[in-house]
Amino acid sequence: MKLVVQIKLQPTSEQESALAATLRACNTAASQVAVVARQSGAYRNYDLRKHVYQAIKDQHRLGAQAAQHVIKKVSDSYKTLKANIRAGNLGKPGSKRRANAETKPISFRWDAAQPYDARMLSWRPDARTVSIWTVDGRLKTVAYTGSPQQLKAVATLPIGESDLVHRDGMWLLYASVEVAEPELIDPCGFLGVDLGIANIAYDCDGTRYAGTRLNGYRRRQLRLRKRLQAKGTKSARRLLARRRRKETRHAANVNHAIAKTIVTEAVRTGRGIAVENLTGIRDRVRLRKPQRVTLSSWSFGQLGVFLTYKARRAGVPLVQVDPRYTSQTCNRCGHRDKRNRPDQETFTCRSCGVVAHADHNAALNIAQRGVERWGAVNRPHAA
């Protein structure tokens, strides 16, 4: 399986100037290619090469590999744009936003990420330096640093394509590495996990990962952003720029910790993990205006991604189950009724009288559906 490792570069001032010139040249060329693609209707990688390859090499001082990566980046961006249009993420047919997406060419920031392959980037883990291509020539001794785990990964694992990124004044390399994936265990049951907003996660063993602190943190950050935006001074804008990713990093750290704990428990008990398939839930759920910000900031997708790759690395099976009615169905007798859940926290079965925490009851139902799902997937086919 592939994992992405973040490495921080430590360039000198001359090296930094060369890296900045390279990103600027690559992304200026990418914006030019995007215009040609829109005008000619040629969006496929190889079709675009016939129109722009030689021109962007000559005009922007790009090497052969860099020019090909620029063209592929544009082609992939249009592919992603079309997928978002088909999925309805850019508005309904006839809306202004969708019309702009369908007619205007894509543009790239000067510091948008640029892919590098083995011909353009080589690693020297013993010296902790990289040799990297730039428009001003190859820089052979750019120092880098990272956590012990990150440094070990780039020193010992096969490295694929990397992305050069400039963010918040830092120069970063996002390197994809190949990690050996163990065989999945044969699970003796499933650890059901109910994902929510009030409780980020609640498993069928009764362990609650409360969202009170994270939600409170988000509300404080929202109030602070509103005050700074209303103030509108130069110092307020600088503070907003410095804090713009702070909430995202904090939420990601919380999700990493929760995912690690859940996978560790599944490994300890020899079980698989069952979670709800919540794809498209924001489109299905209708909420009042004050609740929309909370739903939009709900990072269940990120937690799901963290659970997926951590489970794969540990050899733990993970299945997604149908989330419908898990919070309205009694895990003991199977009776389903809207009235079984009188409020957010309480579950009271109107048939057998069982009383439980609503999220715990849902997690037990998810665990059972995980067993059924695993059995259906692994059931031998009839000859």
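## Arginine 61 and aspartate 136

Arginine 61 is partly exposed, its relative accessible area being 49%, where partly exposed lies between buried (under 20% relative accessible area) and exposed (over 50%), computed with a 1.4 Å probe on protein chains only. Aspartate 136 is likewise partly exposed, with a relative accessible area of 49%. This is a predicted model, in which local features need pLDDT of at least 70 and side-chain atom pairs count only at pLDDT 80 or more, while totals for chains, interfaces and linings use all residues. Residues are numbered from 1 along each chain as its sequence is written, and side-chain values use heavy atoms, with hydrogens and water left out.

Aspartate 136 forms a salt bridge with arginine 61, the closest N and O atoms being 3.3 Å apart; the term requires a side-chain nitrogen of Lys or Arg within 4 Å of a carboxyl oxygen of Asp or Glu. The pair links distant parts of the chain, 75 residues apart, with aspartate 136 in the loop between β4 (129-132) and β5 (139-145) and arginine 61 in the loop between α2 (45-60) and α3 (64-86). Helices (H or I, at least four residues) and strands (E, at least two) are DSSP runs, numbered from the N terminus.

## Other salt bridges

The structure holds 15 salt bridges, including one between aspartate 111 and arginine 109, with the closest N and O atoms 3.2 Å apart. Aspartate 111 counts as buried at 15% relative accessibility, whereas arginine 109 is exposed at 55%.

Glutamate 247 and arginine 218 also meet through their side chains in a salt bridge, at 3.4 Å from N to O. This pair joins distant parts of the chain, 29 residues apart, from helix α8 (residues 246-269), which holds glutamate 247, to helix α6 (residues 212-231), which holds arginine 218. Both glutamate 247 and arginine 218 are buried.
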